[in-house]
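This report describes selected local features of one protein model.

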Amino acid sequence: MTVSASAASSTNQKSDFNYVNDRFADIEVLRYKVPGFEQLSLQQKKLIYYLTEAAITGRDILWDQNGKYNLAIRSLLENVYTNYSGSKKDKDYKGLELYLKQIWFGNGIHHHYSMDKFKPEFSEKFLRNQIAKLPADKKPADTDILLKVIFDPQFMAKRVNQAEGEDLILTSANNLYDGVTQAEVEAYYNALKDTTDLTPVSYGLNTRVTKINGKVTEQPYMVGGLYSPAITRIVELLGKARECAENPAQAATIDKLIEFYRTGSLKAFDEYSIMWVDDTNSQVDFINGFIESYGDPLGMTGSWESIVNFKNIPASHRTEVISDNAQWFESNSPVDPRFRKDKVKGVTAKVITAAILAGDSYPSTPIGINLPNANWIRAAHGSKSVTIENITEAYDEASHGNGFNEEFVPDASMREMMDKYLFVTDNLHTDLHECLGHASGRILPGVDPDALKAHGSTLEEARADLFALYYLADPKLLELGLLDNADAYKPQYYKYILNGLMTQLMRIEPGKDVEEAHMRNRKLISEWVLEKGKKDNVMELYTKDGKTYLRINDYPAVRRLFGELLGEIQRIKSEGDYEAGRDLVEKYAVKVDPKLHNEVLERYSHLNIAPYKGFVNPVYTPVYDQNGNITDVTISYTEDYIPQMLRYSRDYSPLTK
Ligand code: ZN
């Protein structure tokens, strides 16, 4: 599970590092620093180097998972772009460059967040002319279908469709299923699932489902299977990383991951996940594999991703304090005691520094991660939870002075509180969400963990957010020394609800619904609390000079309502009450008030703040002695967005050659 950054806010510190690298469409591309890398040992630097190489090598896997024409389109357009000899001021050329920047960011032809297909701002005629100028070996074999995919807005319009009542597989353009209906896939997995199995594998996590000779069949992603050239290279690089492991447990964990990639065995993946979650002694850590299932409308197949990181030891003190007190938080949570865990197991938490972002975590990236996802492993072995603080810091630094708070927060004293406490409480919110929220609560015996179906992700994120929000206002945080002011939670509450009700709407196109799980969750929580608090005037939206603002009158009451909703959503999850979950999502999380939506878009347009942000990676370069041994690994922050994308396509594309 992941936490994504919410809409922009601003604080007031300044910095020399150039955080902003590129700006186009609805995107801002940032850089992040990797503080502490230089101080790592040579062995750790080598380990990180090979792991980052393995991370970048998986890029094409995700591109192909996201859509079966993505790699062919990327190759074609990159060839046209680099072969182009006309004026760079040409409108079509500029449109092509913009489109390339967008598909690089989306890892395919669909927007990473809205899932809608990008609209090209260059003509089909221009592209045909440019293709004619390409050398023969760079011309695609099937130009017509690629042009149809690019230019026909109805064709493969949405990567992941979540609309209730439609065939979610047939109407989703991703490449996780081919030639099968939702009913066929559900029947296939229902036949496979043994409901008495207490340690079920994550069915479908590493496969594409298709039909062979009329029979529904899974094709595994593995050495010798789908994506073999990329996975084989990843395995080679993991082998080199293994030679630099910090300790035998880490080496054994890498071996197990290699076994998973070689065999495609989901049992091996579970064994790997357990070894990975148990390894809390290594400073360097990474994920590499088919992890999150947000890209699958049925929530089964994992999108390929990798993040390589190392522990930020001083900052991890904060999450260790939270983890050490996990049982207190669980036992005092405002949910029915029947749904609490008697014993919260092994919630390990740390603050990490990301060294590379790849696959589904690049360029758009989460700020927190809690893995593994398998419920039984989490229950039996706990989970590892991380906050990626060099990423949250980059977000925070890049948003300075962008005018957001001045526009949406009318109260100057609240703005001051935001400047003072949002960075701290944002990080705490992420810690509580990841370390405690996702790990809390239990499902009643016999309840299917997938009972909430398409609404599962939204309700799970809401549960984790509510847990965090509820406890942010708890005096326990002062007692533990995590906050120094009993009112520090107020700016976090204000920002959260403002975002859920209004400001996150800047990410949605006019007329569209809210689709993404984290956004739905924030809207669900904020709208529900607004409605339930109406009779006691807990908070209100009011207008002044034609602009809508939020006023919170009673913060303790907001906290009580957060607790109440947490209790209800935990009940829904524990009992597998699909209807109640669906009703909550449909009533509060999806539909947008068009008038308020337009107003938010209008006000945002004057600020020129990008609704979405992502990152370019630093570049790691090994230094060799005359015998070919690595004596150091240097890091640089100078590569720009376009050169990085072209270099990755040139040097890390085992599936397009
Ligand atoms: Zn989450």
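## The hairpin of E2 and E3

In the hairpin formed by E2 and E3, two residues stand between the strands, and Ala25 adopts a positive phi near 40°. Strand E2 covers residues 20-24 and strand E3 residues 27-31, and the two pair in the antiparallel sense over four bridges. Two strands are said to pair if DSSP finds at least two bridges between them. Phe24 has Ile27 in E3 as its bridge partner. Helices (H or I, at least four residues) and strands (E, at least two) are DSSP runs, numbered from the N terminus.

## Basis of the values

The model is predicted: local features need pLDDT of at least 70, side-chain atom pairs count only at pLDDT 80 or more, and totals for chains, interfaces and linings use all residues. Residues are numbered from 1 along each chain as its sequence is written, and side-chain values use heavy atoms, with hydrogens and water left out.

## The zinc site

Three residues coordinate the zinc ion at 2.0 to 2.1 Å: His433 through NE2, His438 through NE2 and Glu461 through OE. Donors are N, O and S atoms within 2.8 Å of the metal (3.2 Å for Na, K and Ca); water is not among the atoms, so sites may look incomplete. Along the chain, the donors of the zinc ion follow the spacing H-x4-H-x22-E. His438 lies in the loop between helix H16 (412-437) and helix H17 (456-472), while Glu461 belongs to helix H17, so this pair ties together parts that are 23 residues apart in sequence.

His438 and Glu461 are both buried. Buried means under 20% relative accessible area, exposed over 50%, and partly exposed in between (1.4 Å probe, protein chains only).

Glu330 is found in helix H12, which spans residues 326-331. This residue is buried yet has no salt bridge, and Lys341, the nearest side chain of opposite charge, is 5.7 Å away. For charge, Lys and Arg count as positive and Asp and Glu as negative; His and the chain ends are not counted. A salt bridge is a side-chain nitrogen of Lys or Arg within 4 Å of a carboxyl oxygen of Asp or Glu.

The side chain of Glu330 does reach the backbone nitrogen of Gly441, at 2.9 Å. Apart from neighbours within four places in sequence, the residues in contact with Glu330 (heavy atoms within 4.5 Å) are Arg340, Lys341, Val344, Ser440, Gly441 and Phe467.

## Salt bridges

The structure holds 48 salt bridges. One of them joins the side chains of Asp116 and Lys158 (2.8 Å, N to O). That pair links distant parts of the chain, 42 residues apart: Asp116 is in the loop between helix H4 (91-106) and helix H5 (124-132), and Lys158 in the loop between helix H6 (143-151) and strand E4 (177-178). Asp116 counts as buried because its relative accessibility is 13%, and Lys158 counts as buried at 14%.

Glu184 forms a salt bridge with Lys211, with the closest N and O atoms 2.7 Å apart. Because Glu184 lies in helix H7 (residues 182-192) and Lys211 in strand E5 (residues 207-212), the pair ties together parts 27 residues apart in sequence. Glu184 is partly exposed, with a relative accessible area of 26%, and Lys211 is partly exposed at 33%.

Methods
Polar contact = N/O pair within 3.5 Å; in protein donor to acceptor, adjacent residues only side chain to side chain.
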